[in-house]
Amino acid sequence: MTRVAAVDCGTNSIRLLVADADPATGSFTQLDRRMTIVRLGQGVDRTGRLAPEALERTFAACREYAAVIEELGAERVRFVATSASRDAENSEEFVSGVRSILGVEPEVITGDQEAQLSFDGATKELTGSDHLEKPYLVVDIGGGSTEFVLGSDEVEAARSVDIGCVRMTERHLTVDGTVVDPPTHERVAAIRADIEAALDVAAGTVALTEAATLVGLAGTVTTIAGIALELAEYDSEAIHHSRVSRGQVRAITEHLLQATHEERAAIPVMHPGRVDVIGAGALVLLAVMERTGAHEVVVSEHDILDGIAWSAA
């Protein structure tokens, strides 16, 4: 067993997982898992740069995580950064800040690498399972981008496209820094047009209609699952491997887009950092299910963070 620490720094959130892992046996014991909404990608789509306040929020979370990693005595640490830091002109400022706090070099990975890690994290525990048909289409809806990965036991095709929930919200639902609430039909249509164009791009690499099982990852999907399950509070165990029908996703998406900020914030499973971006994320999931023909999505709490941990081990 090797004690590892994995950090996934995305456009909307930064997450930590500390675990004891043995790749040879598949043994995996989680010791600590936490998430902080830092909105690192704030304004990146518009300015091309990481905002100073976004960097400081991220560095504050890194300082908290460094204390946890030291306390638990992780032998190996891997820090992976995704869409926002990949797109920004001042990404070196981010890299040097993380290096000074955690003592490791953050890896600003490509979309294809991100897709591989997401697939590994979501499907490693499914190996040998007979209750889900293969191949899987793993869809990871992030803040800045969405990854599509098709495979059975190994990745067969992967593509990352820029239709994350934060990016779509900032591009189409924000005026002078304020989210339009609720959005007009024209703004929703503009998001759908961007999503459909991105799905066309993804379909050029990944056969979106060939999968037997659609597996959905990340906060947008898990939040929608919590709403579908009518949970009184967020419950990872109840959400993990739950199944949400396309009809449920459509109804929830329509509700989220028609609701006010206060109404979305009052949903028991809603993280405060997702209140303004969940509508755009739900539109991505719905469009994916319609394009692939999937009647349901299997929701996984295990994602790129678990893939990073396995790679570190």
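Modeller: Before we start, two strands pair if DSSP finds at least two bridges between them. Helices (H or I, at least four residues) and strands (E, at least two) are DSSP runs, numbered from the N terminus. We're looking at a predicted model, where local features need pLDDT of at least 70 and side-chain atom pairs pLDDT 80 or more, while totals for chains, interfaces and linings use all residues. Residues count from 1 along each chain as its sequence is written, and side-chain values use heavy atoms, without hydrogens and water.

Colleague: OK, which residue in β8 stands opposite Glu-147?

Modeller: Strands β7 (residues 146–151) and β8 (residues 155–161) run antiparallel, joined by 6 bridges. A hairpin through 3 residues links them. Phe-148 stands opposite Arg-159, and opposite Glu-147 you'll find Ser-160.

Colleague: Which are the edge strands of the sheet?

Modeller: The sheet is open, with mixed pairing and 6 strands in the order β8-β7-β6-β11-β13-β12. An edge strand pairs on one side only, and here those are β8 and β12 (243–245).

Colleague: What angle does α7 make with β8?

Modeller: Axes are lines fitted to C-alpha atoms, for helices over the stretch in contact, with angles from 0 to 180 degrees between N-to-C directions. α7 packs on the sheet and touches β7 and β8 (contact: heavy atoms within 4.5 Å). Its direction against that of β8 comes to about 150 degrees.

Colleague: Is Thr-209 buried or exposed?

Modeller: Thr-209 sits in the loop between α7 (185–203) and β11 (213–217). Leaving aside neighbours within four places in sequence, Thr-209 contacts Arg-291 and Thr-292. Buried is under 20% relative accessible area, exposed over 50%, partly exposed in between (1.4 Å probe, protein chains only). Its relative accessibility is 58%, so Thr-209 counts as exposed.
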